[in-house]
Amino acid sequence: MKKLVIVLGLAVTGLAGCKNFEKGEGDMLYKIHTDKSGETIKEGDFVAFKAIEKTEGDSVLYSSYDYDRPSLLVKEKSVFKGDLFAALGLLSEGDSATFKINIDSMVQKMGRPQPSDTTKKYLVYTIKIDKVIPKGKLTDSLFRGKIDAFLKTEMDQAKTGEANKVKAYVSAKSLKPTVTATGLNYVVTTQGSGPKANPGDTVLVNYTGMFLSGKVFDSSLAEVAKKNGTFNPQRPYEPLKLPVGMNGSIAGFEEGLMLLPKGAKATLILPSSLAYGEQGNQGIPPFTPLIFEVDVVNIIPAKAGSALAPAAPALK
């Protein structure tokens with residue numbers, strides 16, 4: 001069950017405010033929005049789905065829509081009556097529904113952390129099933145082959161659709177970016193002054209990293225991290241100190257910093273080729289363009305005749 005929690009720690013839509021829920025097993029309540037014909041999901045089946053996890057107060061805890069990718073899992077045996085695996089067992093390919101799942105049962109029997117912003121009985125999940133690959137009597141190798149073929153199609157679609165997604169973002173925001181030879185788009189929002197950084201210089205920069213959806217995945221600013229649910233009390237919140245031009249971070253981020261003088265603020269739009277590419281990174285799927293809002297706090301020139309400083313850790 002923990003696998004499902006991890007997946008759902010990443011997405012669910014605005015259907016969750018529905019009334020007239022039906023009683024399911026255990027404490028589960030549910031409402032079917034779309035009911036397609038077909039076999040319901042069985043234990044062992046592979047499932048690709050969109051999902052949103054909310055509190056009953058409508059606070060979104062996770063949405064797969066933020067990542068523009070479906071969540072993936074193989075349906076397992078229920079941990080308790082009325083859990084999320086039981087919920088999936090009511091659906092077939094093409095269906096959508098909203099489920100209310102008992103929080104206490106999830107905390108006690110699944111190890112799910114207690115949400116800090118709710119004292120209500122339920123967490124609310126809105127789920128849309130994109131694809132089901134039944135295990136049935138398939139051998140493990142044939143089953144794996146069908147899953148791999150589906151994942152390859154998903155990856156190809158992400159790769160070919162990336163450029164259009166960036167164009168759509170630029171258009172929706174009415175931006176007029178400068179585009180470099182590498183494909184970096186950037187918009188200067190506040191002009192700085194003085195020289196720009198050269199390779200080997202150290203840039204102190206505050207930044208916020210986002211997906212095209214606007215979902216924040218990292219920030220050097222504590223107030224931004226707290227607002228967007230990414231705050232980590234174990235890390236310092238201060239400007240990143242990055243020697244640029246030394247492959248210490250993702251290529252588009254370093255390129256953008258070397259285009260800006262001290263005091264400049266800008267929005268950097270990185271195609272995945274300048275970010276985490278076809279491999280992705282923790283929480284960042286392959287072929288995912290990224291947005292960085294940056295504020296250049298200072299530029300420290302490299303000392304003449306000295307060896308270049310070691311590279312800083314890459315952005316998360």
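This is a predicted model: local features need pLDDT of at least 70, side-chain atom pairs count only at pLDDT 80 or more; totals for chains, interfaces and linings use all residues.
G111 follows helix α3, and its phi is positive, near 80°.

Now step back into α3 itself, residues 103–110. Color I103, S105, M106 and M110: these residues are buried. Why do they sit on the same side of α3? Their directions cover an arc of only 165° around the axis, which puts them on one and the same side of the helix. An α-helix has 3.6 residues a turn, so residues three or four places apart point the same way.

Go to the N-terminal end of α3 and pick N102. N102 is the cap: one of its side-chain oxygens lies 2.9 Å from the backbone nitrogen of D104.

Next, the nonpolar cores. Show F253, L257, F292 and V294. In the largest core, which has 30 residues, these four touch the most other members. Then display β11 (202–210), β13 (240–243), α6 (251–257), β15 (265–270) and β16 (290–300); each supplies at least two residues of this core. Which element gives the largest share? That is β16, with five residues.

Last stop: D83, in the loop between β5 (71–74) and α2 (84–88). Is D83 buried or exposed? D83 is buried, yet it has no salt bridge. The nearest side chain of opposite charge is K75, 6.9 Å away. A salt bridge would need a nitrogen-to-oxygen distance within 4 Å. Now pick A86: its backbone nitrogen lies 2.9 Å from a polar atom of the D83 side chain.

Definitions and conventions:
Residues are numbered from 1 along each chain as its sequence is written. Side-chain values use heavy atoms; hydrogens and water are left out. Buried means under 20% relative accessible area, exposed over 50%, partly exposed in between (1.4 Å probe, protein chains only). Helices (H or I, at least four residues) and strands (E, at least two) are DSSP runs, numbered from the N terminus. The arc is that of the directions from the helix axis to the C-beta atoms. A polar contact is a pair of N or O atoms within 3.5 Å; within protein, one must be able to donate a hydrogen and the other to accept it, and residues adjacent in sequence count only if both atoms are side-chain atoms. A nonpolar core is a set of buried Ala, Val, Leu, Ile, Met, Phe, Trp, Tyr and Cys residues joined through side-chain atoms within 4.5 Å. Lys and Arg count as positive and Asp and Glu as negative; His and the chain ends are not counted.
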